[in-house]
Amino acid sequence: MTNNGKTSDNLVLLVCCGNGCNANKGGEVFEALNKKLKTLGTKAVAGIKVKAAAKATGCHGLCEDGPIVRIVQDEVMANPTMKSGKPITGDIAYYRVKPEDAGEIINALAAGKIVERLLYKSEAQKTMLPLDENPFYAPQHKIALRNAGIIDPVDINDYCQRGGFEALKKVLSMNSESIISEIEKSGLRGRGGAGFPTGSKWRQCAGFEENPKYVICNGDEGDPGAFMDEALLEGDPFSVIEGLAICARAVGAVEGFMYIRDEYEFALKRVYRALEKAREKHFIGKNILGSGWDFDISVVRGGGAFVCGESSALMASIEGRVGEPRPKYIRSVQRGLWDKPTVLNNVETLANIPYIIFHGASHFKKLGTEGSTGTKVFALVGKIKRTGLAEVPMGTTLKQLVFDVGGGIPEGRTFKAVQTGGPSGGCIPASLLDLPIDFDTLDNYGSMMGSGGIIVMDDRTCMVEVARYYTNFLAEESCGKCTPCREGLRRMLEILTDLTEGRGQKGDIERLEETGATMKEGALCGLGKSAANPVLSTIRYFRPEYEAHLKDKSCPAGICPKLTSYIILKDKCKGCGLCKKACPLSGISGEKGKLHVINQKFCVSCGSCRSACPFDAISTKGGKS
């Protein structure tokens with residue numbers, strides 16, 4: 001392997017063993033590479049020193065093309081300055097690696113060659129060697145994810161080699177005011193959804209004299225399609241632990257909790273192991289690094305209730321009570337966990353803290369916008385070519401994220417909308433793709449930053465059904481404590497269901513708007529106040545689609561089964577028979593090479609035939625007859 005004409009004589013193999021890649025045998029790839037390395041021995045690797053074993057890392061980001069194996073120079077690992085940013089030029093990245101590819105990879109490495117077929121290929125079929133050439137990674141700048149995909153998540157020496165716990169050492173000689181002031185100057189806002197200034201929250205809590213005080217890491221990520229916090233906890237748990245410890249030092253807390261949803265079994269295992277290692281090295285526990293300061297962290301496993309992402313409901317759950325929110329006339333920074341001053345921060349927020357303390361607020365503020373500094377991690381999912389985790393500077397436009405990072409819409413379809421902020425977020429149409437992604441801009445256009453979920457939709461998406469789906473999710477997840485949320489969601493769900501099934505009545509759209517406005521004003525917590533966003537934003541930007549469901553009893557996108565019927569177009573059908581094979585009720589007839597026909601008596605409008613047709617020969621017509 002060469003780098004700019006120079007031979008690299010000390011290499012490390014980094015294997016993505018995040019949850020997504022493990023589902024595609026990432027763990028088996030890791031084991032196969034180690035087995036092959038052990039069989040070869042160092043002498044067989046012609047003049048190239050390879051570490052004795054491959055390294056199992058967290059998520060590399062590009063989940064669409066995993067498992068990923070990255071071959072880097074050893075100096076990438078030794079990075080005491082906690083450098084963030086783009087991947088170092090000169091590495092090799094292999095994609096969609098299978099266990100049986102291990103031998104070919106190691107043999108090629110020993111011979112100083114490259115396995116061409118495993119390299120990333122652009123749409124023009126140009127092969128791309130290092131990560132920084134890959135269009136998915138090129139626009140990114142990593143701060144929260146600076147170690148994910150590079151370190152062994154449970155090897156504390158790996159973390160320390162990258163500058164880990166240097167920020168914690170630094171704050172041990174700082175007073176509370178200095179620590180909080182640095183976070184305030186950075187402009188860091190909470191990455192869990194609300195976007196509240198982190199430093200301001202810390203200062204308020206530190207100002208109360210009542211003890212004990214508590215700090216909490218919110219890892220109860222419940223948004224459909226979101227996995228940012230999960231990937232961080234799996235790929236770099238030490239940065240979150242260090243961030244929580246710095247928070248505790250700043251506000252004077254004696255105990256911390258990491259509230260992690262129970263479904264994140266893999267992340268939980270790594271967090272438990274990381275906490276053990278941190279105690280062994282005296283970064284948490286009694287007399288931290290000989291400073292005389294005691295602080296320890298416990299893990300609480302959340303039961304999966306979406307409402308427990310709300311701060312007061314989460315604290316009630318930790319206390320062993322039902323996870324219900326309370327009125328916030330008294331904030332948790334004054335009376336939180338067990339009625340004591342408490343700071344709660346999201347996983348990603350805490351991962352940024354060591355970086356800010358180590359480099360300083362001014363360095364962090366170089367990225368982002370005036371009101372939304374730094375970077376944001378997004379989970380790109382839905383109708384998009386490159387799904388995965390991406391971290392970009394605040395202020396990056398939706399268009400850059402969807403088309404430059406995500407690669408645009410697959411199968412030649414047309415972009416229709418993007419939902420930001422999870423179930424309580426809004427849907428942004430194609431006409432607003434140039435909007436910068438920051439807390440205030442998204443809020444002004446009826447959506448929200450949320451925790452960072454980005455769900456991309458194409459022209460085959462029914463926006464009324466999207467609103468119904470999220471309203472149904474939120475209705476099930478509502479704790480039911482307050483009337484506006486409990487009854488408002490149920491009523492909106494009834495109306496949306498009627499619209500998608502052809503029973504819509506005059507005035508339904510206006511009733512949805514009125515109910516949504518009432519919920520925004522009267523709901524008890526953030527979930528209820530934002531729960532109407534999917535409905536209100538889709539009415540705002542896609543009203544003609546609602547009117548078609550209401551007046552014409554038809555679904556323009558061809559998604560709602562009771563409003564849609566399918567026909568095969570004579571001029572496009574090639575008689576390939578794929579639609580016939582896909583039909584679950586054998587409702588399509590036709591001979592090979594000849595026009596196929598849908599029997600409307602059997603058709604349930606499931607859309608399987610349209611999805612299977614490679615020639616776009618299946619279309620919808622009017623309302624269902």
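This talk describes a sheet, the helices beside it, the nonpolar cores and one serine in a predicted model.

Good morning, colleagues. I begin with the sheet. Four strands form an open sheet in the order S12-S11-S10-S13, and their pairing is parallel. Strand S12, residues 296–302, and strand S13 stand at the edges, each with a single partner strand, so one side of each has no neighbour in the sheet. On average, neighbouring strands here are turned by 20° against each other, direction ignored.

Let us look at one pair within the sheet. Strand S11, which covers residues 255–261, pairs with S12 in the parallel sense over seven bridges. Which residue of S12 is the bridge partner of phenylalanine 257? The partner is serine 298.

I turn now to the helices. Helix H9 lies across strands S10, S11, S12 and S13, and runs at about 150° to S10, the strand of residues 214–219. Helix H7 spans residues 198–206, and its buried residues include Thr198, Gly199, Trp202 and Cys205. Why do the buried residues of H7 line one face of the helix? Seen down the axis of H7, they fall within an arc of 130°, so they line one face. The buried residues of H7 pack against helix H6 (176–186), helix H9 (237–251), strand S13 (342–346) and helix H12 (347–359).

The largest nonpolar core has 78 residues, and Trp202, Val215, Ile246, Met258 and Phe295 have the most contacts inside it. Helix H9 gives the most to this core, with 10 residues. Trp202 is also one of the buried residues of H7. For valine 215, leaving aside residues up to four places away in sequence, the residues touched include Leu244, Cys247, Ala248 and Val251, as well as Phe257, Phe295 and Val343. There is also a second, separate core of 42 residues; among them are Met315, Phe473, Met519 and Val535.

Serine 530 is placed in helix H19, residues 526–530. Is serine 530 buried or exposed? Its relative accessibility is 11%, and buried means under 20%, so serine 530 counts as buried. Residues up to four places away in sequence aside, serine 530 touches Ser424 and Met448.

Thank you for your attention.

Terms used: Residues are numbered from 1 along each chain as its sequence is written. This is a predicted model: local features need pLDDT of at least 70, side-chain atom pairs count only at pLDDT 80 or more; totals for chains, interfaces and linings use all residues. Side-chain values use heavy atoms; hydrogens and water are left out. Helices (H or I, at least four residues) and strands (E, at least two) are DSSP runs, numbered from the N terminus. Buried means under 20% relative accessible area, exposed over 50%, partly exposed in between (1.4 Å probe, protein chains only). Contact means heavy atoms within 4.5 Å. The arc is that of the directions from the helix axis to the C-beta atoms. Two strands pair if DSSP finds at least two bridges between them. Axes are lines fitted to C-alpha atoms, for helices over the stretch in contact, and angles run from 0 to 180 degrees between N-to-C directions. A nonpolar core is a set of buried Ala, Val, Leu, Ile, Met, Phe, Trp, Tyr and Cys residues joined through side-chain atoms within 4.5 Å.
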